[in-house]
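Dear colleague,

Please find below the structure that I am handing over to you, together with its sequence. My findings follow directly after it.

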Amino acid sequence: MIAFEEIQAAAQRLNAVCVRTPLLQNHELDKVAGGTVLLKPECLQVTGSFKLRGAYNRLSQLQPEARASGVVAWSSGNHAQGVAAAAAMLGMHAAIVMPKDAPTAKLANTRKLGGEVISYDRYTGDRERIARDLAEVRGAALVPSYDHEHVIAGQGTVGLEIAEDALELQLPPDQVLIPCGGGGLSGGCSVALKALLPDMDLFPVEPSEFDDTARSFASGLRESVDTSARSICDALQSPRPGKLTFPLLQRHASGILTVTDAEVREAIRFAFKHLKLVVEPGDAVGLAAILAGKLDTRGKTTAIVLSGGNIDVELFARIQAEPK
């Protein structure tokens, strides 16, 4: 289990590295929800998503001799950019195994940040095996996208900031919605949120086609996604909950919500029209859940994490042009 103190220590390491993104409110969203909604826009974070938090917290704790051999990670794009950026800050080489159909913007930004991209087919290849074999050959350190104590603690600083800032605003949330793929963000945040807001309800949100966490939560076992599953939410296509993250969600989550791709598309349009924010599909699932009425928000204070905004221009334009 990740201790609250580990997240506080991560926050100190990240103090001069990451943006402390604000909690925002929006009149139109509050009207739709029938309550108060607090938005945590990690789409405004360095590299455009929360992922730098966990990556930097992991890399900054490597010993000098380990740093010299570089790091290897696997990612659909946001973790790749976070690892590449953290490695550049610390003077290290980073190689990232990425699906060949990852969004063009994520591939380009990873390379621009100095990352070495190793491509694979996400539907036939095993990204973890590729990364582990490469790390063994190179003697490099692994940086998992979610299932590592340092990564989870770094991602948990999002929850720490939500709790601290909401308490300062005198608006402690009754419930918090967090995008969920492998569970690094939702699991880490659950520790910080429950430490400071013990009566809060936590709801990880995932795509309906990648509902492995929801099914795992119901069965008590780590369930896997069918290989035929497809979703617009590329950032949340983890095959199963993490070994370290799932127990955190079992302990702290009140339930798991799922949303359809159509509901996610509507959330992307709403965010642009009313919030003036660009969010990517996988990171708009919490907003989608509110707009689709997946839980009761009337008379309550609900916090949601908009965890990233790295969406290809062409996809964003198509979604905006779709019939309302």
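Please note that this is a predicted model. I have arranged the findings by topic.

Salt bridges

The structure holds 17 salt bridges. One of them pairs the side chains of E164 and R20, with 2.9 Å from N to O. E164 belongs to helix α9 (residues 157-168) and R20 to the loop between α1 and α2 (27-33), so this pair ties together parts that are 144 residues apart in sequence. E164 counts as partly exposed, at 34% relative accessibility, and R20 is likewise partly exposed, at 43%.

E161 is buried, with a relative accessible area of 9%, and K40 is buried at 1% relative accessibility.

A further salt bridge joins the side chains of R53 and E42 (2.9 Å, N to O). R53 is in helix α3 and E42 in the loop between β1 and α3, so the two connect parts that are 11 residues apart in sequence. Both R53 and E42 are buried. Through shared partners, salt bridges join K40, E42, R53 and E161 into one network.

Helix α1

In helix α1 (residues 4-14), the buried residues include F4, I7, A10 and L14. Viewed down the axis of α1, its buried residues fall within an arc of 115°, so they line one face of the helix. The face turned away from this buried side carries the exposed residues E5 and Q12.

Surface charge

A patch of positive charge on the surface is formed by R132, R222, R240 and K243. Of these residues, R240 is located in the loop between α11 (212-219) and α12 (245-252). R240 counts as partly exposed, with 30% relative accessibility.

Backbone angles

T47, which is not a glycine, has a positive phi near 70°. T47 lies in the loop between β1 (36-41) and α3 (51-59) and counts as buried, at 19% relative accessibility; the limit for buried is under 20%. K276, also not a glycine, has a positive phi of about 60°. K276 is found in the loop between α13 (261-275) and α14 (285-291), and K276 counts as exposed, at 64% relative accessibility.

Yours sincerely

Notes
Residues are numbered from 1 along each chain as its sequence is written. This is a predicted model: local features need pLDDT of at least 70, side-chain atom pairs count only at pLDDT 80 or more; totals for chains, interfaces and linings use all residues. Side-chain values use heavy atoms; hydrogens and water are left out. Patches are made of residues with over 30% relative accessible area and no salt bridge: like charges are joined within 9 Å, nonpolar side chains (Val, Leu, Ile, Met, Phe, Trp, Tyr) within 5 Å. Accessible areas come from the Shrake-Rupley method with a 1.4 Å probe; for residues, only the protein chains shown count as cover. A salt bridge is a side-chain nitrogen of Lys or Arg within 4 Å of a carboxyl oxygen of Asp or Glu. Lys and Arg count as positive and Asp and Glu as negative; His and the chain ends are not counted. The place of a charge is taken as NZ of Lys, CZ of Arg, CG of Asp or CD of Glu. Helices (H or I, at least four residues) and strands (E, at least two) are DSSP runs, numbered from the N terminus. Buried means under 20% relative accessible area, exposed over 50%, partly exposed in between (1.4 Å probe, protein chains only). The arc is that of the directions from the helix axis to the C-beta atoms.
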